[in-house]
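Biologist: I would like to go through the labels on this model one by one. Tell me what each label rests on.

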Amino acid sequence: MTLVFQTRLDDHGAVIGAGRKRRLRSVEPRPVADWAALATPEQRPALLRLEVWLQEETRGELSKAPLADLDDEARAVRLSHEALARLSDQEARVLALPPATPLGLKLDSDGTVFDPGFRVETAWSNAGGIKQRVRRQGALLIGATTARLPWHLFRLAEAAELLAAPVADPDARTRAYAALCDALPERDGADVTVETYLRDVRVFHAAAFSLCLGIEADSLHFDPVLFGREAVSAASGETSQEAIQHTGDLPDEEEAALLPPRLAQLFARDRFRRSPTVRSAYVLENGTFVIIDPDLKPALEVVRETADADRATRRQFIANPQGFLKRALSETDPAIIDRLFIETEQYSERVVGVDVWRATVLPWVKRAPNSWLPERFGLRIGDRHIELDHGEAVEALARMTDAKAAGETLTSIKSVDVPVTEATETALHKLVDLLAPDEHDDEPVGPGGSGDDDRPDPRFLVIQENLSEVTYEALSPSDPPEPVATPVAAPASLRSSLKTHQQAGLDWLARHLAAGTPGVLLADDMGLGKTLQALAFLAWARAVGRLPQPVLIVAPTGLLDNWRAEMDHHFVADAFGDVVSAYGPGLKALRSVSGRTLSDIKTGTDQLAVHRWAQAGIVLTTYETLRDYHFSFAKTRFSVAIFDEVQKLKNPVSQLSRAARALNIDFKLALTGTPVENSLQDLWSIMDLLWPGLLGSSKGFAADYPEDDPDRLGLLHDRLFEAGAEAGPGPLALRRMKADGLDGLPTRTAHRHEIDMPDDQAAEYSGEVAKVLATRDGGAKPGAMLVVLQRLRNISLHPCPPAQADTDLAVYAARSARFQAALTILDRIAGKGEKALVFLESREMQPLFADLVRHRYGLDRLPQRITGEVPGHKRRAIVDMFQARPPGFDVLILSPKAGGVGLTITAANHVIHLSRWWNPAVEDQSNDRVYRIGQRRPVHIHYPLAVHPDPALRDNSFDLRLDALLAHKRTLSTHMLAPPDRGEEDARSMYGAVLGQREGLETNL
């Protein structure tokens, strides 16, 4: 019997029910949970879209309301109007929804945006231009028939409706006009026609400001940074603007500013500075205007006059700009100034200096990126992947550059709207570089440069760095260490029992703290309880009175919830005093002035009220928040700072590393399972944070410890990881491995599953190899090698991309050796009633594989997924749900980089690597989600390997060669401090191996 959908449209969207069709044409309603089992292959993509919206609680961009909800009895799905607009034509047809409208939208304006009577007229017309009598109800056009608006028309119509009638308030009018500008398509088309005025004019309304401080020719200067009315109303909690700002993981660009970076610089330097007076309106370029609110103009006049004053007056203004403004504008209500100005404080006396950020290059270090070949080359925009070849990437870069010059916020690349941002432009530059044909390697990579000149310069504290020479050394402890009886008694606040190696770690930390050691590295293998050891150490130190100042814990966003969970699980309440969240929404309560949203690195001064955490026990923050607000953190002296996943600081010249080195800390503890992730400089960078000067300068370290000298690497290993006679409290770095047979760990078995490629997969693979061998002359350039390896890797996963998948998923799976192997493995796991993690990089492939698993094993829901787009709190919720599900078969699908770190998923005892990573450390991190203390069943790691059936190609199959390379790299990194990622050398080895060249894998490892 066929699943039949029945739809009811209403003011809120649509209610969709479904059931089985009976003989007399009646429909027997069925619960939503039954739909997937009854669906036809044609219906499954639409149901998959609904399930993703329901499971991930996806919310709309415009209303922020859920796109999909279940009704009270879970017998129907309610879709919002925005959800109706986001459905494809095929999905809408399957769900019995109206088809997309054939009508076009025409927008005309009446007057200019500066007129109180300004309004926008909308009209719907057919292909012949004849106006049609229809009315819009959300995403529906109702006339003689009812039709559905696709997303771009719905978004545009919603924005235009805000100006359908005159808006008296000029601020509200300009805000509505700005929203309309954002929704306008790049150019007119068959379905949208826009009057020239609406397309050409953009208006920004400035209602608040702050100061951007900097240094020019050794002299302090300041420029105004403009804000819209949202910055003012946020202070009173009237908007959710604060939630949009610094979540702790935002890029350097200041999201809250009214103007995009290039226009902000144009306003400050070319318009504001060069005008002798403050104007009511400024023309920026190409019909772009800034309107200065009347309340704001007097304050900006003070800024303009003071900018030309003598140095003493400028310093007085910078020291207390709010007070300066209130004195200069004595007749103005001080409350108005408080609302309109975001305070900027004086430089801290303890800071050596402030300067704009300048990236540093270390010519003695050849860094290899910790990255693996993508499934496809291109751009990822949200859930969309835009595949690009070299020519398309060059064209896209040119389009992006032109759009940026025109001040546009969106451009179109292969019919996909792409935001015009520095990040997108940088990604395109890298893509053009990577895909450049060999003969053009020495030519410029495209128009417009990198865009760095247009980016507002972040301000950073100036520190003494030990790069080419040692300029700062932490003093060795001069006093004899205070006696610490070991084993250290477990603190009374600890409710759990420590394993033998964890007690040894606590003793080691206690001895180093008592000895006055500047910092140590805890580099235990993943899953051995480094977090618990660190917390036990803090609880002990607090109990014995060794923590007079707050403790700072810095971790990736996704791990901070884990720190709190470990505190709650293993320790009594209030074991650590007040725990302050200095990241994400927690920043709002810590700002010096409520409503202020600029970061430290944009103002060159501290923006957080650090006195609010002065009495805290622990301050939690992310690496990115530490970077953006390092002026504030540097004003506090911390008794202990813990840097979790400290490999985030592996690059000594990164902004994150500079921020961490600027802190004032008595004792530093770094945690990582991978102390050498890419280069031996990773280790130097970590140790220079913990004990500056101990390993000399970066340049000297590179000369003293060549990465290809096993003897020197052995000496370095002994120096850090072995306790010499003079060590006293023990080695500076502690590393215990699971292979050491530590208590509390289950058995672990690795399984290699070799399976011959099906015919069409083998044909695609051999055809690609033949094409390369036929066209190659001489040695391949790095870009060309990566393209070839990417294609072979992609084919080895599946010869057909997800967008072209067979309607019958079982047929699609049968075309891939890895899919066949993975399903055979899952069959056995399901037979045992156990659970599995499947690591799969391709986000396009993940929903398809999830749907395949759900139908093959009759699961009651789509297997959940964890990708880089799933926020940290949501990842925790997904894991908790997976962990709490009753015994029996289940699957969780994860991206290796996003799901391979910081998660404990011991409900599963099987790991399947459907796709693999170049760096074995990433793969090991993925395995350690299940292979860790707390796992009570034997662990099985499965590696499906696609093997070419032709004897001439079999031994050189991509999967076999990659497996051998990873095994060799894993051995090197385990037995000595050898970097597991050798960049181009690894790529060249793989390239030669898969093409059957003698200079391939065997001779290069």
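Modeller: Start with the salt bridge: a side-chain nitrogen of Lys or Arg within 4 Å of a carboxyl oxygen of Asp or Glu. This is a predicted model, where local features need pLDDT of at least 70, side-chain atom pairs count only at pLDDT 80 or more, and totals for chains, interfaces and linings use all residues. Residues are numbered from 1 along each chain as its sequence is written, and side-chain values use heavy atoms, with hydrogens and water left out.

Biologist: What makes Glu61 and Arg155 a salt bridge?

Modeller: Their closest N and O atoms are 3.4 Å apart. The cut-off is 4 Å, so the pair qualifies. Glu61 sits in the loop between helix H2 (44–55) and strand E4 (68–70), while Arg155 belongs to helix H5 (residues 151–161). The two are 94 residues apart, and the pair links distant parts of the chain. Helices (H or I, at least four residues) and strands (E, at least two) are DSSP runs, numbered from the N terminus.

Biologist: Why is Glu61 called partly exposed?

Modeller: Its relative accessibility is 39%. Buried means under 20% relative accessible area, exposed over 50%, and partly exposed in between, with a 1.4 Å probe and protein chains only. So Glu61 counts as partly exposed.

Biologist: How do you know that Arg136 and Glu158 form a salt bridge?

Modeller: The closest N and O atoms are 2.7 Å apart. Arg136 lies in strand E8 (residues 135–137) and Glu158 in helix H5, so the bridge ties together parts 22 residues apart in sequence. Glu158 has a relative accessible area of 29%, which means partly exposed.

Biologist: What about Arg119 and Glu121?

Modeller: They form a salt bridge too, with closest N and O atoms 2.9 Å apart. Arg119 is at 27% relative accessibility, so it counts as partly exposed. Glu121, at 34%, is also partly exposed.

Biologist: How many salt bridges does the structure hold?

Modeller: It holds 40.

Biologist: What makes helices H2 and H31 roughly perpendicular?

Modeller: H2 and helix H31 (residues 845–857) pack at an angle of about 105°, with their axes 11 Å apart. Angles of 65 to 115 degrees count as roughly perpendicular, under 35 as roughly parallel, over 145 as roughly antiparallel and the rest as oblique. So H2 is roughly perpendicular to H31. The axes are lines fitted to C-alpha atoms, for helices over the stretch in contact, and angles run from 0 to 180 degrees between N-to-C directions. Arg44, Leu48 and Glu51 in H2 meet Pro847, Asp851, Arg854 and His855 in H31.

Biologist: How do you know that strand E27 pairs with E28?

Modeller: Two strands pair if DSSP finds at least two bridges between them. E27 (residues 637–644) and strand E28 (residues 664–671) have seven, in the parallel sense. Phe638 stands opposite Ile665 in E28. Strand E24 (residues 551–554) is joined to E27 by four bridges, and these strands run parallel.

Biologist: What makes E27 mostly covered?

Modeller: Seven of its eight residues are buried.

Terms used: Contact = heavy atoms within 4.5 Å.
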